[in-house]
Every structure is written in structure tokens, then in C-alpha cells.
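I opened this entry to look up a few things in the structure.

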There are 2 protein chains.
Amino acid sequence: ARPKVGYFYTGKNTLGMLMEEISAITVQDLQSVPVAIKHDKSAYEAVVTMFLEDVGTVFVLDEEGMLNGILSRKDLLKAAINNNDLRDIPVVMVMTPISKIIVATPDEPAASAARRLIDNEIDCLPVVKIIDEKKRMYQVLGRITKTNFTRLLVDLAEGKGGNYHNNEA
Amino acid sequence: ARPKVGYFYTGKNTLGMLMEEISAITVQDLQSVPVAIKHDKSAYEAVVTMFLEDVGTVFVLDEEGMLNGILSRKDLLKAAINNNDLRDIPVVMVMTPISKIIVATPDEPAASAARRLIDNEIDCLPVVKIIDEKKRMYQVLGRITKTNFTRLLVDLAEGKGGNYHNNEA
């Protein structure tokens, strides 16, 4: 184990150490509790759930509790804009379907999940247990959002980055 | 100037160096271009602007171009949910008014702006030039969002943190 304080040779600059610190943090160190509704609900019920739980993303689950789709505020705003009654619109009509969903897994580095959020211009990834990759059967364990990453940045800036990995050497 | 590579005594641990690296990054190093509409527009026009520009927050400006309010997707979704015609709703009825707005300034540390986002549970801060603090007269220079902070985290994790502060010793 390298010493944490004092004289030491790293062979890296401070940015290299920064990379190392951040890469030790995994998705499950940051993830939030998922909020979900069943796939037979209306867009109106999705909006109500979104406001009740104060989240920006709601997961849609099938009968077996597997991930079916994702609803963002943007999806619902788009549905609401044309004077539609959201009570008449099934969530499956406005959600991003499973075929287009990008997921995260608990053990991957948080930074790689953050990179997928940025590259795909989305706000939230479902954190999943992969049941069957080919059939895209995913069990939802959590959600990871730009809020989680912003909070991590604040913690790192305030010297609390160590809270995220307790098993450090 | 401290050496960047090799043997050196810091008196700090790596988390301390991490703090130092991050605290050198300011709001203006990260900020995005602001998107704004005039205060006499409708909520419908605000939604159209939001989708056209693909942003989650639109600033509302008065006749003199000073900040009047902020509209989020959440504000507009709340307005849309009750079968209202958004064309009949003025933006001033749904925006967060200037009296409740939290701002950022270009020269402050990015991490302190990130902290205000987290503490106040908001997605975006206007980056402003303060014209008159007492009268809350602010000229909008940019916006800083959770996306900016997530991107910074990705860059730090990938060793590109140095791009943010060129004038480092």
C-alpha cells in the first residue's frame, strides 16, 4: 500500500493521482433508489409519480418486474404540449423503449457511467442486474444521475472523496 | 511552483491534492451558453425554445435584458399537466421569479456553484454579472448545470483536468 502522506514517489503527476482516486469509485458507491411504475399506467400517473417522488426519471416495469422503458421529464413534456389528456396516453407510447436504453452495472467505475450519460445526452442510467443480455432482461437495482456525479464532485472538492471507498489500501 | 512529477513533500494526502486541483477550476471554465426568452412570451413558446435549443432551463429576460426569472422542464410540466393550453399561460406565471433565484458568478470556484445546486435541489444556475445586488439586477453571461459538472468529472477521471486551468504554476 502506498503511503498517503509524506514523501513518496508516484511517477505520476497530481492529475494522475486524481484519476486513480476517481476510478476507485464505482456506480454502487453513488447510486440512488430507483422509482418505477407498471407498464399499464398512463402518462398522467407517471407525472404524478415523478412529482410525488421528486425525481426526473421514472422506470417502467413489466409484469415480471423487468425493465421495460424509461420516462424522462422531457418525454412527458413532449406528450403534454399538444393539449393531449395525459390520462389517455399509455406510458408505453411515450417512454424510451428497452431496445434503446443504456444501462449501468453496480461494479463498473462511476466515471464510465458518467461518460455514457454525457456521450448520449441523457440525465439518468438505470443500474441493473443483467438477467439475460441477449433478451435485454434487466432487473433494476438503482439509478445513477447527473445529481449523483455533481454531489461526488462537491465531496471530492471538500475532501470527502475517501467516504466512497472504504476498502482502500 | 511545486514539482508535478517525482519525489515531493506535500504535507497533504492525495485527497488534499484532489481538492486543490478541483478548487482551481472556476465557473467560467465550465459554463455553457445561456438560452433566454422575453418575459412577454407564453409557456408554449418557452417549451418550443427548450426543445429547439435542447436545454432543460430557459432564462426569462425583461425589457432591458436583465434576468427576470427561470423556467425549468419541471415548471412547464407542472403547468401542462392540468390540460391547460400553454399558449394562454404567460411565462411569468410559471417561472421561478428573480426573488427566489440563486446565481453564480464567473470567477467563483466551480465546486461552490455545484454545492449550491445540490443544496437547493436545482439543475441549473445562471452565471451573471451583478449590476445591482440590492435591486437584484443581473445580466446573464451563461449557465452552469449538472451536465457541466458531470463532464468535468469525466475529464478529471480521464486525466484531462489540466485543460481547465492554463495559468497553473
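I took helices (H or I, at least four residues) and strands (E, at least two) as DSSP runs, numbered from the N terminus. The model is predicted, so I kept local features only at pLDDT of at least 70 and side-chain atom pairs only at pLDDT 80 or more, while totals for chains, interfaces and linings use all residues. Residues are numbered from 1 along each chain as its sequence is written, chains are lettered from A and ligands numbered from 1 in the order in which they are written, and side-chain values use heavy atoms, with hydrogens and water left out.

**Chain A, overview**

I counted elements first. Chain A has seven helices and seven strands. Along the sequence I read the pattern β-α-α-β-α-β-β-α-α-β-α-β-β-α. Next I checked burial (buried is under 20% relative accessible area, exposed over 50%, partly exposed in between; 1.4 Å probe, protein chains only). Chain A has 169 residues, and 50% of them count as buried.

**Chain A, sheet**

I then looked at pairing (two strands pair if DSSP finds at least two bridges between them). In chain A, four strands make an open sheet, ordered E2-E3-E4-E5, with mixed pairing. Strand E2 (36-38) and strand E5 (96-97) are its edges, each pairing on one side only. Which way do E4(A) and E5(A) run? They run antiparallel, joined by two bridges. I found Ile70(A) with Thr96(A) as its bridge partner in E5(A).

**Chain A, positive phi**

I noted the background first: most residues other than glycine have a negative phi. Glu121(A) is not a glycine, yet its phi is positive, about 55 degrees. I placed Glu121(A) in the loop between helix H6 (110-120) and strand E6 (124-132). Glu121(A) counts as exposed because its relative accessibility is 63%. Arg136(A), also not a glycine, has a positive phi of about 50 degrees. Arg136(A) sits in the loop between E6 and strand E7 (137-145) of chain A. At 26% relative accessibility, Arg136(A) is partly exposed.

**Chain A, charge**

Where is Glu63(A)? I found Glu63(A) in the loop that links strand E3 (57-61) to strand E4 (67-72) of chain A. Its relative accessibility is 54%, so Glu63(A) counts as exposed.

**Chain B, sheet**

I repeated the strand check. Chain B has an open sheet of four strands in the order E2-E3-E4-E5, with mixed pairing. How many bridges join E2(B) to strand E3 of chain B? I got three, and the two strands run parallel. Ile37(B) stands opposite Val60(B) in E3(B).

**Chain B, two residues**

Val27(B) lies in helix H2 (residues 27-30) of chain B. With 0% relative accessibility, Val27(B) counts as buried. Val27(B) and Ala110(B) are 83 residues apart in sequence, but their C-alpha atoms are 4.4 Å apart. Ile25(B) lies in the loop between helix H1 (14-23) and H2 of chain B. Is Ile25(B) buried or exposed? Ile25(B) is buried, because its relative accessible area is 0%.
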